[in-house]
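Hi everyone, thanks for coming.

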Amino acid sequence: MQPKPENAITIAVSSRALFRMEEEQKIYSDQGVEAYVKYQLDHESEPFLPGAAFPFVKGWREQIPRLVHSPPCSAGLQACCRAAQPLGPGGAGLADSVRPSSPDLFIERFCMTGGNSPMCYLKAYHTNLYLSSDAEKVSEALEEGIAAATIFSPSKDVSVSESQLRVAFDGDAVLFSDESEQIVKEHGLDMFFEHEKAYENKPLAQGPLKGFLEALGKLQKKFYSKGLRLECPIRTYLVTARSAASSGARALKTLRSWGLETDEALFLAGAPKGPLLEKIRPHIFFDDQMFHVEGAKASGTIAAHVPYGVAQKPRRGVQAKETAVWA
Amino acid sequence: MGAILFPTHSQYLASLGAPHPLSPFPCVSSLPPSLSLLHLLPACSSFDCLQPKPQNAITVAVSSRALFDMVKDRKIYEEEGVETYVKYQEENENLPLNPGPAFYFVKALEQVNARLRELYPKDEELFDIVLMTNNHAQVGVRLINSINHYGLSIERFCMTGGESPIGYLTAYLTNLYLSADSEKVQEAIEAGIASATMFTANKDVPYSDKQLRVAFDGDAVLFSDESEQIVKEHGLDRFFEHEQMNENKPLAQGPLKGFLEDLGKLQKKFYAKNERLDCPIRTYLVTARSAASSGARVLKTLRSWGLEIDEALFLAGAPKGPILVKIRPHIFFDDQMFHIEGAQQLGTVAAHVPYGIGQKYYKSKPKDDTVKK
């Protein structure tokens, strides 16, 4: 039985994030909606190939029961809701749903929005995290206060941890607000270090993914309280370009003031994130800067872009870039 | 026979019959030391650029227990568990930790960096110090406060919350890893990273703060343990015969050869600016080998690798402790616990390299059990 949305941790995934649908998209763009629907019906019993978000959702399905079923248990169950955005009017959406999901996943809730924005459904389901390959929808979701990110497939073969769901977060403009990044961009690094030291004890404002870290933390606490940190099925990582001695204390103290923690904290002081992410092998890595997302992709990490804050290019530029991904 | 000391580089080269080293380069004026690094680098739009890129730097990773004295804290962790330990650290986070065994070594590395930046302002070939600890992230606040208290510049941290840091070591292209945990050190050596287990010195010894001094044992540290195997299995006479017969065949390299090479690279930068006499790095070979019977092979091996060592001390079995007291190195690498303990007793910071056949023996007698992990 499914829990009520308000008690659950809800992950919403778009169909194109969950499965690979490049061929179907091509048919739709080149040959039109009728050919697309026919193609879907012809391939009805073939499962889709896994997409960028597939390992994360699979990991979630595998690890969460370990947290929920170990006593004491509270309403920490989740639902995966597929917000399918069909490419054409009406029927195409239905055709999508007929194609069976991979047998490893069991997705309980579906929203086929027939071309409309899924925002109201996301809100109705108290969505804790929305993953999509469509940057526009992700930006809309962020504006509505829902944690969201545009997910990308890595350029190399992916290898994720089998025993643990691993989620890696950038710090500024992901867990925290972008206030510090603004200072760097406007006044440079020196000013930034001075500022961070002066305000070390003043928590940063929260960023778009803070709520999701909080949700994960609630699940993790069950294992922590039994002294089983290393066996916990979820592991979280802070992977930040911040420098530890010059600006790290404020980040750690902010997390503490929120009552939150990450299992591991890596302060890179500007070193490339790719090699470290390759060692972590997370199921997903959230960052606000495309530069870091690209670096992660190149090293075989599943990266998700959080289009928030001062590091973003103007909307039009982002849209053009995302459309190119579909081709 | 007996110990032979070569106090200067040119003397030991002369002993090999090699020509005198290159004449000094023309003097280049250096920047005033007060010029802050921040003004020399271009303005950045993100958090990058203050630290050298890992591929250009000589990365030295230190654990928190190597850098600071955390003996008491460790006891709390072992006896009362991780939750109590983290709480204890949070409560004491404004109290700086005391220096640990690798502290003065790290401080000396930073002095070298300061000199390098004066001479080569835009160059990234510097020491980059990374704190590699399996401490919990919240303990990071106390570590950061302690680092800032001593004016150290350690900006890269990996706090692995209980997991092994070995993966991150290779991701950072680590050149040297120092830890108080011999298991991790062994893992690192197996992964091909120069590494050693740090032990606290028993006495307080004043260190040179103008010059980084690094002392190395020879066999199973700079060189492979092939010769030590012969001694242990066939005895000293056979060993001397073997070394003399194979004098011109270079020994295979040992786990710390790469680090000596890195130090040499940096030394050459000072030589190039006519700073040889005032070079802030000095290296020492402190070996139990006998010079006449087995010393030539060692020196010829170093030469074949294109490496130099500033001072070479052949002790022919004499205790290393008293010599090390005179040298006062910031760190001394040896593969045999017997020598480590001898060094410690007289106040030298010693680091054990758990490699080679020496691990199965203690003072030339086989150990009863296998290597303690």
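Let's start with a cysteine in chain B: B:C158 is buried, with a relative accessible area of 0%. Please keep in mind that what you see is a predicted model. Over in chain A, A:C232 has a relative accessibility of 1%, and because the cut-off for buried is under 20%, that cysteine counts as buried too.

With cysteines on the table, how many disulfides does a search of the whole structure find? The search covers all chains, and the number is zero.

Now to some helix packing. In general, two packed helices are described by the angle between their axes and the distance between the axes.

Look at chain A, where helix α2, residues 22-31, packs with helix α3, residues 33-42. Their angle is about 150°, and their axes are 7 Å apart. Angles over 145 degrees count as roughly antiparallel, so that is how α2(A) lies relative to α3(A). Who makes the contact? From α2(A) we have A:E23, A:E24, A:I27, A:Y28 and A:Q31, and from α3(A) come A:V33, A:A35, A:Y36, A:Y39 and A:Q40. By class, that contact has six nonpolar, two polar and two charged residues.

Chain B gives us another pair: helix α10, residues 226-234, and helix α11, residues 236-245. These pack at an angle of about 145°, with axes 7 Å apart, and α10(B) passes α11(B) in a right-handed crossing. On the α10(B) side, the contact uses B:S227, B:I230, B:V231 and B:H234, while α11(B) brings B:L236, B:R238, B:F239, B:H242 and B:E243. Sorted by class, the residues of this contact are four nonpolar, three polar and two charged.

Methods
Residues are numbered from 1 along each chain as its sequence is written. Chains are lettered from A and ligands numbered from 1 in the order in which they are written. This is a predicted model: local features need pLDDT of at least 70, side-chain atom pairs count only at pLDDT 80 or more; totals for chains, interfaces and linings use all residues. Side-chain values use heavy atoms; hydrogens and water are left out. Axes are lines fitted to C-alpha atoms, for helices over the stretch in contact, and angles run from 0 to 180 degrees between N-to-C directions. Helices (H or I, at least four residues) and strands (E, at least two) are DSSP runs, numbered from the N terminus. A crossing is left-handed if the near helix is turned anticlockwise from the far one by less than a right angle, and right-handed if clockwise. Contact means heavy atoms within 4.5 Å. Ala, Val, Leu, Ile, Met, Phe, Trp, Tyr, Cys and Pro count as nonpolar, Asp, Glu, Lys and Arg as charged, and the others, Gly among them, as polar. Angles under 35 degrees count as roughly parallel, over 145 as roughly antiparallel, 65 to 115 as roughly perpendicular and the rest as oblique. A disulfide is a pair of cysteine sulfur atoms within 2.5 Å. Buried means under 20% relative accessible area, exposed over 50%, partly exposed in between (1.4 Å probe, protein chains only).
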